[in-house]
Amino acid sequence: MAIKGKISFPGDKSISHRALMFAALADGDSRISNLPTGADVQSTRTCLEACGIQIKDVGDDVVVTGGGFSDPDQPLDCGNSGTTIRLLLGLLASQGINATFIGDNSLSNRPMNRILDPLSQMELESNSNEGKIPVTIHKSNIKGITYQSPVASAQIKSAVLLAGLGADGKTSVTEPFLSRDHTEKMLKRLGANLSTNGVLSTTSRLISPLSNFNLSVPGDPSSAAFFAATAAIVPESEIILNGILHNPTRMGFYSALQKMGAGMDFIDTWEEAGETIGTLKVFHQPLKGITITKDEVPGLIDELPIVVILATQANGKSEIRGAEELRVKECDRIHAVCKNLNKMGADIKELHDGFIIYGPKQLNGAEIKTFHDHRIAMAFTIAGLVANGDVTLDYPECVSISFPEFYSELERLRQ
Ligand code: S3P
């Protein structure tokens, strides 16, 4: 069944986490609107509140009063959210906070040494369960470092830069390829001493609080990707995606969609709070296979599961390499995608760092194992729209991590 119509999206998850955290470092009240209602951003809010930060609901907005961090009485429950724990490790280290971090089953399996290693080079004292949660940090006199991240990861980069805001001397981070740059852009705008040069970012201790701000968070391009993909593969579909973030470090999915031959019109773009935002039309057209290489992966890391679904419907071979980071996301997304697509009859080969897919292939209905991963649930819901027979998910509710409105919006747009 085709989808048609217009849709706006809840605020970008990455920017929302940061907006809450940076408002906590600001002088006075900041007002944030269009925050997503999903559980991940809520985890950041409740962790900050547990550290003494006041956050009030005012209508649909939130108002954060900066300053006054204190040690939490209880372990900080980060739920499913890797961004919450990893960024807060750096932020709370900079504020001299003692805290223990916990989370759900998925978070318990995710690597934290990628953050604890650079933070311990900064002389932060911490303990962990062999690099996994629970993680405890102890108030320490931290020092700036020059860190070469082995992975292009905005979470690693951000954690080190945030710690740098409370460290003696300069803190620099380089990464192999540029990952999403929201931390750098936002901190610069809010008055931190932060400079960037390609894949190098440098900061130093905050000598005064950040400036307080009002922000309407732009629509999340990662949530929008599922609707763009639907319009691309379901015949006769045409959808207008209103007001989504067009930050160049986040546009990899849309470039891939264009290369695959989907119908796309960039209707309008404008600037707001230092970001480009745009409205985009996507419509069905035959797709062709695509090659994605390691340098391109950071720009569409969260969208790769849905790119693979698109590739099963595209003409010819698709190859995605250098995407081994997918194995340490909310689940092992390479395994999850291959296992489920094999069940549906796709022609897909699992690689240690990606996938080879031959299309187009008629997919069949199947029982999908979501691994409680929101993006696997959304990707396979979309696969179900072009499958012969029913697709059922073992835990459809997990979409509430990022996009609780996903099913109702899809239903509204179906013709
Ligand atoms: C995020 C960074 C990415 C991404 C995650 C959100 C962020 O993780 O997968 O969903 O907001 O910084 P990595 O930076 O570890 O790749």
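# Questions on a predicted model

User: Thr136 is found in strand 8 (residues 132-138). In this predicted model, is Thr136 buried or exposed?

Analyst: Buried means under 20% relative accessible area. Thr136 has 19% relative accessibility, so Thr136 counts as buried.

User: Which side chain does the side chain of Thr136 make a polar contact with?

Analyst: The contact joins two side chains at 2.8 Å. One belongs to Thr136 of strand 8. The partner is Thr100.

User: Which residue is joined to Pro134 by a cis peptide bond?

Analyst: Pro134 is also found in strand 8. Most peptide bonds are trans. Here omega is about 0 degrees, and the residue joined to Pro134 is Ile133.

User: Where is Pro360, whose peptide bond from Gly359 is cis?

Analyst: The bond from Gly359 to Pro360 has omega near -5 degrees. Pro360 itself is found in the loop between strand 20 (354-359) and strand 21 (364-368).

User: What is the phi of Phe371, and what is its relative accessibility?

Analyst: Phe371 lies in the loop between strand 21 and helix 12 (374-385). Its phi is positive, near 55 degrees, in a residue other than glycine. Phe371 counts as partly exposed because its relative accessibility is 25%.

User: How many residues of strand 4 (residues 61-65) are buried?

Analyst: Strand 4 pairs with strand 2 (residues 29-33) in the antiparallel sense over 4 bridges, and 5 bridges join strand 4 to strand 3 (residues 54-58), also antiparallel. Strand 4 is mostly covered, and the number of buried residues is 4 of its 5.

User: Which residue of strand 4 stands opposite Arg31?

Analyst: The bridge partner of Lys56 in strand 4 is Val63. Arg31 stands opposite a residue of strand 4 too, and that residue is Val63.

User: Which residue takes a positive phi in the hairpin of strand 3 and strand 4?

Analyst: The hairpin has 2 residues between the strands. The phi in question is near 60 degrees, and the residue is Gly59.

User: What percentage of the ligand's accessible area does the protein cover?

Analyst: The residues around the ligand include Ser14, Arg18, Thr83 and Asp302. A polar side-chain atom of Ser153 lies 2.9 Å from a ligand oxygen, while a backbone N or O atom of Ala154 and a polar side-chain atom of Lys329 each lie 2.7 Å from an oxygen atom of the ligand. Of the 380 Å² of accessible area that the ligand has on its own, the protein covers 94%.

User: Which elements give two or more residues to the shell around the ligand?

Analyst: The ligand sits in the largest pocket. The elements that give two or more residues to its shell are helix 1 (13-24) and helix 6 (154-164).

User: How many residues of helix 6 are buried, and which residue caps its N-terminal end?

Analyst: The count is 11 of the 11 residues, so helix 6 is largely enclosed by the rest of the structure. At its N-terminal end, a side-chain oxygen of the capping residue lies 3.2 Å from the backbone nitrogen of Gln155, and that residue is Ser153.

User: What is the C-alpha to C-alpha distance between Ser222 and Ser14?

Analyst: Ser222 is found in helix 8 (residues 221-233) and counts as buried because its relative accessibility is 2%. Ser222 and Ser14 are 208 residues apart in sequence, and in space the C-alpha to C-alpha distance is 9.8 Å.

Methods: Residues are numbered from 1 along each chain as its sequence is written. This is a predicted model: local features need pLDDT of at least 70, side-chain atom pairs count only at pLDDT 80 or more; totals for chains, interfaces and linings use all residues. Side-chain values use heavy atoms; hydrogens and water are left out. Buried means under 20% relative accessible area, exposed over 50%, partly exposed in between (1.4 Å probe, protein chains only). Two strands pair if DSSP finds at least two bridges between them. A residue is near a molecule or strand if one of its heavy atoms lies within 4 Å of it. A polar contact is a pair of N or O atoms within 3.5 Å; within protein, one must be able to donate a hydrogen and the other to accept it, and residues adjacent in sequence count only if both atoms are side-chain atoms. Accessible areas come from the Shrake-Rupley method with a 1.4 Å probe; for residues, only the protein chains shown count as cover. On a 1 Å grid over the protein atoms alone, a cavity is a set of points where a 1.4 Å probe fits but cannot get out, and a pocket is an open set with protein on both sides within 12 Å along at least five of seven lines; lining residues have an atom within 4 Å of a point. A molecule sits in a cavity or pocket if more than half of its atoms lie within 2 Å of its grid points.
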